[in-house]
Amino acid sequence: MVTLGSPVRSVVGEKTAKELSSRLGVHTVEDLLRHYPRRYYERGELTDLSGLRPGEQVTVQATVASVSGKWVEAKPGTGRRKPLHKLEVVVTDGRAKLRLTFFNNQWLQSRLPPGTEALFAGKVDAFRGRLQLTNPEVNAAEDSDSFAGVLKPIYPATAKLASWSVGRAVSTVLDMAGAVPDPLPEALRKRLDLLPLAEALRLVHRPQSWADVHAAHQRLRFDEAFLLQVVLARRRAESSALPATPRIPRDGGLLDAFDDRLPFTLTGGQQAVAREVAADLATEHPMQRLLQGEVGSGKTVVALRAMLAVVDTGGQAVLLAPTEVLAQQHHRSVTELLGPLAERGLLGGSDLGTRVALLTGSQGTAARRQALLDTACGDAGIVIGTHALIQDAVEFFDLGLVVVDEQHRFGVEQRDALRAKAVVPPHVLVMTATPIPRTVAMTVFGDLDVSTLTELPAGRAPITTHVVPVGEKPHFLDRAWDRIREEVGEGHQAYVVCPRIGLDTVEEEPVIERGGLWLVPDLVEEPALRPAVAVMDIAPMLAEGPLAGLRVEMLHGRLPPDTKDDVMRRFGSGEVDVLVATTVVEVGVDVPNASTMVVLDAERFGISQLHQLRGRVGRGSAPGLCLLVSDAASGSPSRKRLEAVAGSVDGFELSRIDLETRREGDVLGASQSGRRSSLRLLSVIRDEEVIATARAEAVRLVANDPHLFASAVLREAVDTLLADERSDYLEKA
Ligand code: ADP
Ligand code: MG
């Protein structure tokens, strides 16, 4: 008997089954029911042929305009001995035309008289500058029994398995839709006016009207959002039920001493967030908080205060940075901010104080051993290092707080791994300078509380951003270099950012482990005609040419770690005027005296990435200037993105624009692929309302019934989703 779990080969032929499972991930009958159409064609609705792109696998609906067949004689020397029949069919959508070429398919000629409307599936190729399909699959209206309805479902298909073949396979199992157990509690389903699952599955495959499609999608989309939100709500309920040590700073203790020596007053936003964090730390359950803040809004000091509250109660705090450059910089700035408070046990150190340990991959064995010892025995109240390192090698004496800086991906598993290093689960604060649109926050970080810093400290000079269109005005580039000379002449410093490291390779700077999110590197919208400019080319060129006489240095990911640290330190102390760098300076680098940034080939960076980059200037009292140099043509999508960046310094607005200009798959990124595969119809970009409703319902459900006793189906669906995510993680690890 065929059940939902039966392999697809029990319902379709061997070849089809193999193609379904190897190329489309459809292994079981249930998978087949869940293989939803990508779109639908109405009878008479023709595909816009002008939108086709070479290389795409397409299914188009078009009308035959002309047909002509001829025999081509065998050519001596080609190895072909028989004559070949070549059939040329030109199809049209009423405006554009597309040529179809069929070889040895002469029987088709009679079936495609001019005026026939049919579906054609194949890979678009360009032949002598014209787009065409070679030997496409054909499905003429009269021989399609699978499209009895008014709407033809178009399925995700492969080169070997056309959409309508997939449709036929689906048809064989469609009457089993009723057997798919419905995870939604009946009362909830009715209240939200959603279709029963069986009905939704039938309608998504065989709709009679657009209203059917809409109703089916509504139900199926809600399921996707709801399941995910139940997982997140349970996770959050579970972790907030864990015990943690309350961390309430002592009166007159380390935190007070720090506040006394702080050279500035906290902004209103910083104070508000500090109160939220302090309240979390004071409870007997672990804090699970995401702090998102505009670039330069001063997240570090908020985190440092939380760390000091923990140290004040005898615990330790760890600060994890995504790169060595950033870890080292944090170590320098935290040590500086603490002053004598970081020198406990040393001459002149304060007795209230503590010690700050740095752990990086590049440090010498002796320094490393000392840092590990200080961490293990608790002498170091604050430990700073790169994620990778700390997760592997380190023992803590009493880990009370984990702060994760500038990284999106800090999943449950990583939290679990760190928890294992603590006697009692630590409090967790995750920080990101990339403002996250609400839907993404709800989807990816739905198990965290969110604090937001939008305000910049007062006295910050504004950043001005201009696009420098070297395509149209090449001489503007010289002006950019002049600006740098002027700024340096006034005692300031500058960055020149390039997309690429070296001459010898097209390798780009590896993207910092941000776990994708929507911050994957650029969308390649327009094919690049030349390799991007490289640090190793530009630095000597500038040093000998337009910036001769200035102290120019390079910084990129392939330098030895101690060289990187040395360059950063000298730039920080003003011994270097101009830093020619890759995106290693993208996050977190804080040199207030740097006032100018020139980004070369700026169109190769993403919107949020550019916003991050320019956040490196205008951090002091001098106004920041950011020049986005690009030869992207006026009016092109790339140019528009650059203009968006030049037009706004609001990270939230830019991240929304960024999100809108990206495709869905990029949004959740690689590390979220388990999650992504569970999202077929739901769009993090478009479905904000569905996600918000699902979230509210999930929270309510989990609050009343944390173990989901009321619905075994839901419980099972949630467990499956969790198992997928876990195995995904394990595969990567
Ligand atoms: P980000 O939020 O981008 O990580 P940082 O924490 O690096 O920003 O802070 C940027 C700079 O602003 C640092 O030099 C920091 O010392 C300074 N800063 C932080 N808070 C304030 C404040 N309230 N007033 C003045 N300067 C501040
Ligand atoms: Mg920072």
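**Exercise 1. The shell around ligand 1**

In this predicted model, state how many residues surround ligand 1 and which are the closest.

*Solution.* Step 1: the shell around ligand 1 holds 17 residues. Step 2: the closest are Gly-296, Lys-299, Thr-300, Arg-460 and Asp-590. Step 3: sorted by class, the shell has 5 nonpolar, 7 polar and 5 charged residues. Step 4: helix H10, residues 299-312, gives the most to this shell, with 3 residues.

**Exercise 2. Polar atoms at ligand 1**

Find which atoms of Thr-265, Asp-590 and Arg-619 lie by ligand 1, and give the distances.

*Solution.* Step 1: for Thr-265, a backbone N or O atom is 2.8 Å from a nitrogen atom of the ligand. Step 2: for Asp-590, an N or O atom of the side chain lies 2.8 Å from an oxygen atom of ligand 1. Step 3: for Arg-619, a polar side-chain atom is 3.0 Å from a ligand oxygen atom. Step 4: ligand 1 taken alone exposes 570 Å², of which the protein buries 85%.

**Exercise 3. Aromatic pairs**

Classify the ring pairs Tyr-40 with Trp-210 and Tyr-495 with Phe-571, and locate each partner.

*Solution.* Step 1: the structure holds 3 aromatic pairs. In one of them, the ring centres of Tyr-40 and Trp-210 are 6.0 Å apart; the planes stand at 85°, so this pair is edge-to-face. Step 2: Tyr-40 belongs to strand E1 (residues 39-42) and Trp-210 to helix H7 (residues 210-241), so the pair ties together parts 170 residues apart in sequence. Step 3: Tyr-40 is buried at a relative accessible area of 3%, whereas Trp-210 is partly exposed at 41%.

Step 1: the rings of Tyr-495 and Phe-571 have centres 5.1 Å apart and planes at 55°, so this pair is tilted. Step 5: Tyr-495 sits in strand E17 (residues 493-497) and Phe-571 in helix H18 (residues 561-572), 76 residues apart. Step 6: Tyr-495 is buried at 0% relative accessibility, and Phe-571 is buried with a relative accessible area of 0%.

Technical notes. Residues numbered from 1 in each chain as written. Chains lettered and ligands numbered in written order. Predicted model: local features only at pLDDT ≥ 70, side-chain atom pairs only at ≥ 80, totals over all residues. Heavy atoms only, no water. Near = heavy atom within 4 Å. Polar contact = N/O pair within 3.5 Å; in protein donor to acceptor, adjacent residues only side chain to side chain. Areas by Shrake-Rupley, 256 points an atom, 1.4 Å probe, with all protein chains shown as cover. Helix = DSSP H or I, 4+ residues; strand = E, 2+ residues; numbered from the N terminus. Nonpolar A, V, L, I, M, F, W, Y, C, P; charged D, E, K, R; others polar. Phe/Tyr/Trp six-rings, centres within 6.5 Å; stacked < 30°, edge-to-face > 60°. Buried < 20%, exposed > 50% of the residue type's maximum accessible area, 1.4 Å probe, protein only.
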